[in-house]
Amino acid sequence: MTSSMRLDLSTWMEVEKYLETSTAIIIPVGSNEQHGPMGLIGTDALCAQSIARMAGENSSTLVAPTLAYTPAPFNMAFPGTISLSEQTFETMVGEIVTGLASQGFEKFYFLNGHGANLAPLKRVRDNLSAPDVIDIRIRSWWDFDPVNQLRAEYYGDWEGMHATPSEVAITQATHRAVDAGQAQHPPRRLTAEYIKAHAGDKHGPPDEHRRDFPDGRVGSHSALAMPEHGEKLLAAAAGAVADDLQNWLVNSNP
Ligand code: NI
């Protein structure tokens, strides 16, 4: 993968020149939290980052450094998890957007990999959006049909809610594969009621969450992941994000 669209690997002069032809930037958002016995702590950030960077190359759009410190309070009883309060995260995101906007960026595409980021990101969007100045779009990488077709085909209901085989597969393809260990056995199946009630990572306090999901998986059979799946999921997600971004830019710039 080339790196020509990474903001952190650009010079300020390159960024100034970029702003003459585009005001768009992709900001990947993830987490650092437990992802079960075989999922990497950085899974959400690594997935969002890999997809965002590929989408940035596909659409010639700059990609900001990944926001990896985010709210994940329910996973704090698992070591390695790092969690910011929603308020701190919201303040940080707001200052990033307004700072970039002061330099001429107008179109902010948040590519999300962690459910608990959605509510604070939407508040930032609702608070900061201003016609012709700041336009914010928020999408999670699993929002797109081509991605969901693959998730359904590979894993069906075993995709589950956390430490999903699809996110594990992407990090296997891009970073590191860990032996399944105790994750070789399927987790407890979730009920439809549970999934509905806990969408957007609405989980209980840390001790309760670890008691209910002792190995960290929430209905996801992580061990079904394969690096080959990850390659396909990554390409499908990056293609869908690039298309969605370009359509958004065209339709909002008549
Ligand atoms: Ni995750």
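## A buried alanine in a loop

Leaving aside neighbours within four places in sequence, Ala163 is in contact (heavy atoms within 4.5 Å) with His35, Gly36, Val168, Arg217, Ser220 and Ser222. The structure is a predicted model, in which local features need pLDDT of at least 70, side-chain atom pairs count only at pLDDT 80 or more, and totals for chains, interfaces and linings use all residues. Residues are numbered from 1 along each chain as its sequence is written, and side-chain values use heavy atoms, with hydrogens and water left out.

Ala163 is found in the loop between helix 5 (145–155) and helix 6, where helices (H or I, at least four residues) and strands (E, at least two) are DSSP runs numbered from the N terminus. With a relative accessibility of 0%, Ala163 counts as buried; buried means under 20% relative accessible area, exposed over 50%, and partly exposed in between, with a 1.4 Å probe and protein chains only. From C-alpha to C-alpha, Ala163 and Gly219 are 8.4 Å apart in space, and they are 56 residues apart in sequence.

## The nickel site

Which residues are the protein donors of the nickel ion? They are His35 through NE2, Asp44 through OD and Glu167 through OE, lying 1.8 to 2.2 Å from the ion. Donors are N, O and S atoms within 2.8 Å of the metal (3.2 Å for Na, K and Ca), and water is not among the atoms, so sites may look incomplete.

The spacing of the donor residues in sequence is H-x8-D-x122-E. His35 is buried at a relative accessible area of 0%, and Glu167 is buried at 6%.

## Helix 2 against helix 6

Helix 2 and helix 6 pack at an angle of about 65 degrees, with their axes 9 Å apart. Axes are lines fitted to C-alpha atoms, for helices over the stretch in contact, and angles run from 0 to 180 degrees between N-to-C directions. The two helices, helix 2 and helix 6, are therefore roughly perpendicular to each other; angles under 35 degrees count as roughly parallel, over 145 as roughly antiparallel, 65 to 115 as roughly perpendicular and the rest as oblique.

The contact is made by Thr43, Asp44, Leu46, Cys47, Ser50 and Ile51 of helix 2 and by Glu167, Ile170, Thr171 and Thr174 of helix 6. These residues divide into 4 nonpolar, 4 polar and 2 charged, where Ala, Val, Leu, Ile, Met, Phe, Trp, Tyr, Cys and Pro count as nonpolar, Asp, Glu, Lys and Arg as charged, and the others, Gly among them, as polar.

## Helix 2 against helix 9

Helix 2 also packs with helix 9 (residues 227–252), at an angle of about 55 degrees and with axes 8 Å apart. That angle makes helix 2 oblique to helix 9. Residues of this contact include Ser50, Ile51 and Met54 of helix 2, and Leu234, Ala235 and Ala237 of helix 9. By class, the contact of helix 2 with helix 9 has 10 nonpolar, 5 polar and no charged residues.

## Two loop residues with positive phi

Ser60, in the loop between helix 2 and strand 2 (62–63), has a positive phi of about 50 degrees although it is not a glycine. Ser60 counts as partly exposed, at 48% relative accessibility.

Asp132 lies in the loop between helix 4 (118–128) and strand 4 (135–140), and its phi is near 65 degrees, a positive value in a residue other than glycine. Asp132 is exposed, with a relative accessible area of 73%.
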